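These are my notebook entries on a structure I had not examined before. I set down what I looked up, in the order in which I looked.

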Amino acid sequence: MHVRTRIAPSPTGFFHIGTARTALFNYLFAQKHGGQFILRIEDTDKERNTKESEEDIYAQMMWLGYAYDEKYIQSEHLEEHTKLLKRLVDTDRAYVSKEEAKDGSGRMVEVVRLRNPGKTITFDDAVRGAISFDTTELKDFVIARSVTDPLYHFAVVADDGAAQITHVIRGEEHISNTPRQILIQEALELPRPIYGHIPLILMPDRSKMSKRKHKTAVKDYRERGYLPEAMNNFLALLGWSAGEGDRELFSLSELIEHFDLARVHKSGAIFNEEKLKWFNREYLLKLTQTDFATEALGRLKDALASRVSWDGERAQALLPILRERISLWGDISELANAGEFDYYFTPPQPEKARIPDKKSDSTTALAHLTETAIRLKNVSQWTPEGIKEALWSYAEKEGRGAVLWPLRYALSGKDKSPDPFSLAVLLGQEETLSRIQTACDILNE
RNA sequence: GGCCUCAUCGUCUAACGGCUAGGACAGCGCCUUUUCAAGGCGUUAAUCGGGGUUCGAUUCCCCGUGAGGUCACCA
């Protein structure tokens, strides 16, 4: 069988996480079987469609790397829908009915209703097995506002038929839509695709993702600095497992290689951002020096430009520290805005009382800083090792905290920071000595 | 409420009907060159309940309970 799958978002809001996961599964399945993956824009709801939403679909699909083979705009196929609708009416599979409008206006309108044979529909779901529905309760349901104005269920069936979709992989909220779509399909004498209903993505409170209550737009995650590789890996493992033992890290092409509808789960999965962050960090760590530097420096400069005088060279030296500390790009801006990086560029203003180590006092701190300065003046190899060598025996003898805390605090002006050796290297010998001097002056006041 | 679907640590999940139910995230503890971060090591924690079938059920069947989905002239 020549596999053809599709993702059919409606451009009525930003492309969201749930749609992305459905797209991913469809993409993986099509790729796995050497088939085609089709993007269909379901834009029949003229009231709620926006161009912005449509653009967002393209942008995020591209970002996530779901290359589609064909694009299909539903509204451009109205003529075909009309033709099919007419045929259904002509063959008495459907009929036009005059009734009072549901909008409460009291006016009379015509709608097209399907003549429901009222039988039991059973379909074999690729992830859940056989599912049966008694369709009599559906009655003669409405399939179009008029012969020229099809509704969702009709358009879906007509378009899937036209595009020769072989596998309909979608969220489980569509399970109960399936029997009415099959009814339409049978009236249209279209072949039945294989259905596969994948579990929903739930929010931490077990509720369905809602655009109002939760951050669900892919765009938001992108802007906060998540990597597409991490998003894909995380999303793929939400409701599916590769059957590769304890392995969790998969690239997109590895996901394709392992993907199998039979291993898709049946129950909903909660979207856990902590785990996403973990994936993201893993992928951040895999980035090349250059790729990391480009993005990190850009983010850092944006956030810092208004706070300190920017020094590109010094920022460069900051990269290893950044890589160690962040889980996503947004962490850089967050840390920078919180003032975490200011002291690399501008001398801090240490508070007298905090210079000594907790178990020490100012007199001792002053003595240690003075000795530290003397020792550092003589360091010829200004590297973490060289600096450490100059201070270590002294620190061991006098107490590490007593010696190293004042130094680290003098250099950073912060209770929390990287270790004093790294800081000293970053600041350079001259600046390091100058900051120690400043701290000594403060202690002498 | 009717119909449909689902049920393993807090979360994501693994386990041809057969080892002490495994891993990851989070948590907790310890270690490491003061603090923070990272890292290393360790650890807490689960088969919804009740009946069957079976030599043996997380796994198969039934009932209950719970959760979710859906019941439009939206998609």
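**Helix packing, cores and domains**

Entry 1. I worked from a predicted model. I began with helix H14 (residues 362–377) and helix H16 (residues 400–412), which pack at an angle of about 75 degrees with their axes 9 Å apart. Because angles of 65 to 115 degrees count as roughly perpendicular, I recorded H14 as roughly perpendicular to H16. On the H14 side I found Ala365, His368, Leu369 and Thr372 making the contact, and on the H16 side Ala402, Val403, Pro406 and Leu407. I sorted the residues of this contact by class and noted six nonpolar, two polar and no charged.

Entry 2. I next asked at what angle H15 and H16 pack. For helix H15 (residues 384–398) and H16 I read an angle of about 125 degrees, with the axes 6 Å apart. H15 and H16 are therefore oblique to each other. From H15, I listed Leu391, Trp392, Tyr394, Ala395, Glu396 and Glu398; these meet Arg400, Ala402, Val403, Leu404 and Leu407 in H16. This contact holds eight nonpolar and three charged residues, but no polar ones.

Entry 3. I then turned to the nonpolar cores. The largest has 104 residues, and I noted Ile17, Met61, Leu235, Phe271, Leu300 and Tyr344 as those with the most contacts inside it. Helix H1 (residues 17–32) supplies the largest share of this core, nine residues. Apart from this core lies another, of 27 residues, including Leu114, Val157, Ile165 and Leu183.

Entry 4. Which residues is Phe271 in contact with, leaving aside its neighbours within four places in sequence? I found Ile17, Ile201, Leu202, Pro204, Met209, Tyr221, Phe234, Leu235, Leu238 and Leu276.

Entry 5. I looked up how far helix H4 (residues 152–162) is covered, and found eight of its eleven residues buried. The buried residues of H4 are His153, Phe154, Ala155, Val156, Val157, Ala158, Asp159 and Asp160. Just after H4, I noted that Gln164 takes a positive phi of about 55 degrees.

Entry 6. Last, I checked how chain A is divided. Domain 1 covers 1–68 + 199–286, domain 2 covers 288–345 and domain 3 covers 352–444. Taken over C-alpha atoms, the centres of domain 1 and domain 3 are 50 Å apart.

Notes
Residues are numbered from 1 along each chain as its sequence is written. Chains are lettered from A and ligands numbered from 1 in the order in which they are written. This is a predicted model: local features need pLDDT of at least 70, side-chain atom pairs count only at pLDDT 80 or more; totals for chains, interfaces and linings use all residues. Side-chain values use heavy atoms; hydrogens and water are left out. A nonpolar core is a set of buried Ala, Val, Leu, Ile, Met, Phe, Trp, Tyr and Cys residues joined through side-chain atoms within 4.5 Å. Buried means under 20% relative accessible area, exposed over 50%, partly exposed in between (1.4 Å probe, protein chains only). Helices (H or I, at least four residues) and strands (E, at least two) are DSSP runs, numbered from the N terminus. Contact means heavy atoms within 4.5 Å. Axes are lines fitted to C-alpha atoms, for helices over the stretch in contact, and angles run from 0 to 180 degrees between N-to-C directions. Angles under 35 degrees count as roughly parallel, over 145 as roughly antiparallel, 65 to 115 as roughly perpendicular and the rest as oblique. Ala, Val, Leu, Ile, Met, Phe, Trp, Tyr, Cys and Pro count as nonpolar, Asp, Glu, Lys and Arg as charged, and the others, Gly among them, as polar. Domain bounds come from an automatic or database domain assignment.
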